[in-house]
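Reader: I am new to this. Please take me on a close look at one thing only: how the parts of this model pack, and what spaces they leave.

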Amino acid sequence: MVFSSTLFVFGFLPLLLLCYFIAAPKYRNYILLIFSLVFYGWGGPKYLVLMCFVVFADYAFALAIAQMKQTGLRKLFVVFSVVANLGVLGYYKYTNFLVDNINHVAHTNIQIADIVLPIGISFFTFQAMSYVIDVYRGDVAVQKNPFYVMLYVSLFPQLVAGPIVRYKTVENEIKDRTITVDDFAAGLERFILGFAKKIIIANNVGALADKIFGMAQVDMSLAWVGAVSYTLQIYFDFSAYSDMAIGLGRIFGFHFDENFNFPYIATSVADFWKRWHISLTNWFRDYVYIPLGGNRKGMPRMYVNMFIIWTLTGVWHGAEWNFILWGMYYFVFQATEKLFLGKILSKLPKVIQHIYALFVITVGWVIFRCDSGLSQCARYLKSLFSMHVTDRGLTFIRVYASEYGIYVLLGIIFSIPFYRIIKKWCLTKLEGKNKAKAVAAVVGYAALLGLFYISVLFLVNSTYNPFIYFRF
């Protein structure tokens with residue numbers, strides 16, 4: 001089940017809201033838990049059993065850690081948790097990849113049944129593992145109620161595609177939360193905006209990207225149109241899911257941390273990764289980079305730690321060589337920025353910094369997108385820099401401009417904080433003007449309903465509706 005489906009919008013969510021708000025507060029967590037399990041189990045009950053196994057294993061590990069005094073035994077149960085979670089993740093996500101590469105290198109013919117990747121496994125294993133580590137560190141108190149731990153991991157808004165929520169973020173709200181009209185309204189607004197971003201922008205620029213990346217040959221002009229289209233698709237697809245997740249969480253009284261902060265206005269690669277998939281960046285920083293020593297043990301060790309982080313970031317995204325190459329690509333640029341490039345960039349005009357960052361990011365997304373093999377990456381990157389423009393390519397661009405140009409333009413416009421700036425300006429102008437503020441609120445909610453209606457029309461009239469990050 002996905003948020004951008006009629007089943008979710010007109011079936012699952014209204015039924016959940018009805019059950020949740022007519023129930024007494026003491027039953028609401030159990031209602032959320034039941035609906036969350038149904039939401040995840042919709043794609044296959046056996047994967048629901050797997051998730052429950054992960055949760056209850058980590059629940060037991062955390063209890064053991066909290067009850068033990070010996071540091072060695074406490075560390076041992078942290079190791080058990082890490083091994084269990086990474087073992088589950090590794091089996092389902094990387095076994096096929098490893099066997100294929102062994103067969104290729106050793107010229108063997110090892111045969112295994114295809115292993116289907118459970119939706120959201122990279123997210124819920126990281127959340128469960130972080131809970132155990134935080135209990136060990138003393139950052140959070142152990143939770144003795146197993147249903148609360150299950151609710152934390154399985155909470156449907158962030159379950160299958162993030163953001164990766166830390167237990168300490170929702171610890172108090174799981175036990176006791178107050179839902180205000182302002183929170184409900186803000187959550188609904190955030191959900192509708194995310195829904196529109198996904199349906200209107202991401203789906204349409206994604207359809208364009210698929211057409212171009214699916215061509216056997218492209219000239220330079222088409223290659224750049226495809227690269228820009230995918231750059232917009234992956235941002236609006238994933239940030240839209242995060243918007244909807246954060247909005248849904250707020251409707252039910254949870255305040256998740258932000259996961260995106262307009263990454264395409266970045267002025268460097270380092271700045272980009274402070275803005276993109278923030279929860280994953282922070283997870284690797286807090287649970288891998290800093291424990292490895294971070295930048296506290298000298299420059300050579302820092303670069304080794306960075307290499308490890310970027311290797312893991314690439315591998316986390318998928319069991320394909322292009323993801324590993326993509327991780328190494330960003331390692332090279334971040335290391336170079338730390339060595340000397342960052343100082344040079346800081347002295348240049350902001351517009352040059354933006355152009356540099358966008359160029360690096362866009363080329364990086366080409367590597368990320370070419371998951372049919374490294375040969376596809378090589379061909380597409382060669383086309384990007386071929387300086388070869390054909391009449392065929394220009395003809396395609398003219399056709400695509402008439403069909404998709406408006407969506408590319410909308411994607412570019414809303415990649416900057418346009419909506420946030422306008423909203424802040426309006427609120428400033430209306431400060432102290434209660435009647436005008438009330439009228440503006442009515443107009444604003446009418447506009448949101450109109451946007452939702454338009455988005456639903458796009459949804460029911462389209463058969464193209466993927467969620468990129470479900471595969472991770």
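Author: Start with the axes: they are lines fitted to C-alpha atoms, for helices over the stretch in contact, and angles run from 0 to 180 degrees between N-to-C directions. Helices are DSSP runs of H or I, at least four residues long, numbered from the N terminus. The model is predicted, so local features need pLDDT of at least 70 and side-chain atom pairs need 80 or more, while totals for chains, interfaces and linings use all residues. Residues count from 1 along each chain as its sequence is written, and side-chain values use heavy atoms, without hydrogens or water.

Take α15 (residues 350-369) and α16 (residues 374-384). Their axes lie 9 Å apart, and the packing angle is about 150°. That makes α15 roughly antiparallel to α16 (over 145 degrees is roughly antiparallel, under 35 roughly parallel, 65 to 115 roughly perpendicular, the rest oblique). Which residues of α15 and α16 meet? From α15 come Val363, Val366 and Ile367; from α16 come Cys377, Tyr380, Leu381 and Leu384. Contact here means heavy atoms within 4.5 Å. By class, this contact holds seven nonpolar residues, no polar and no charged. Ala, Val, Leu, Ile, Met, Phe, Trp, Tyr, Cys and Pro count as nonpolar; Asp, Glu, Lys and Arg as charged; the others, Gly among them, as polar.

Now α13 and α14. They also pack at about 150°, with axes 7 Å apart. That makes α13 roughly antiparallel to α14. On the α13 side it includes Met302, Tyr303, Met306, Phe307 and Trp310. Further along α13 come Thr311, Thr313, Gly314, Val315 and His317. On the α14 side, Phe323, Ile324, Trp326, Gly327, Met328 and Tyr330 take part. The contact of α13 with α14 divides into 14 nonpolar, six polar and one charged residues.

Thr6, Val9 and Phe10 of α1 touch Phe452, Val456, Leu459 and Val460 of α19. Six of these contact residues are nonpolar, one is polar and none is charged.

Next, the spaces. On a 1 Å grid over the protein atoms alone, a cavity is a set of points where a 1.4 Å probe fits but cannot get out; a pocket is an open set with protein on both sides within 12 Å along at least five of seven lines; lining residues have an atom within 4 Å of a point. Points are joined across faces, edges and corners, and a volume is the space filled by probe spheres set on them.

The largest pocket has a volume of about 1,500 Å³. Its lining counts 42 residues; Glu189, Leu193, Tyr419, Arg420 and Lys423 lie nearest the centre. Four helices each supply at least two lining residues: α9 (181-213), α10 (220-251), α18 (418-429) and α19 (434-460). The lining of the largest pocket has 26 nonpolar, six polar and 10 charged residues.

The second largest pocket has a volume of about 560 Å³. It is lined by 18 residues, with Trp273, Thr281, Arg285, Trp310 and Gln334 nearest its centre. At least two lining residues each come from α11 (269-275), α12 (278-289), α13 (299-317) and α14 (321-346). α12 gives the most, seven residues. This lining splits into nine nonpolar, five polar and four charged residues.

How many cavities of 30 Å³ or more does a search of the whole structure find? It finds one. The largest cavity has a volume of about 40 Å³. Phe53, Val54, Ala57, Asp58, Ala84, Asn85 and Val88 line it. Both α3 (45-67) and α4 (71-106) supply at least two of the lining residues. α3 has the largest share, four residues. Five residues of this lining are nonpolar, one is polar and one is charged.
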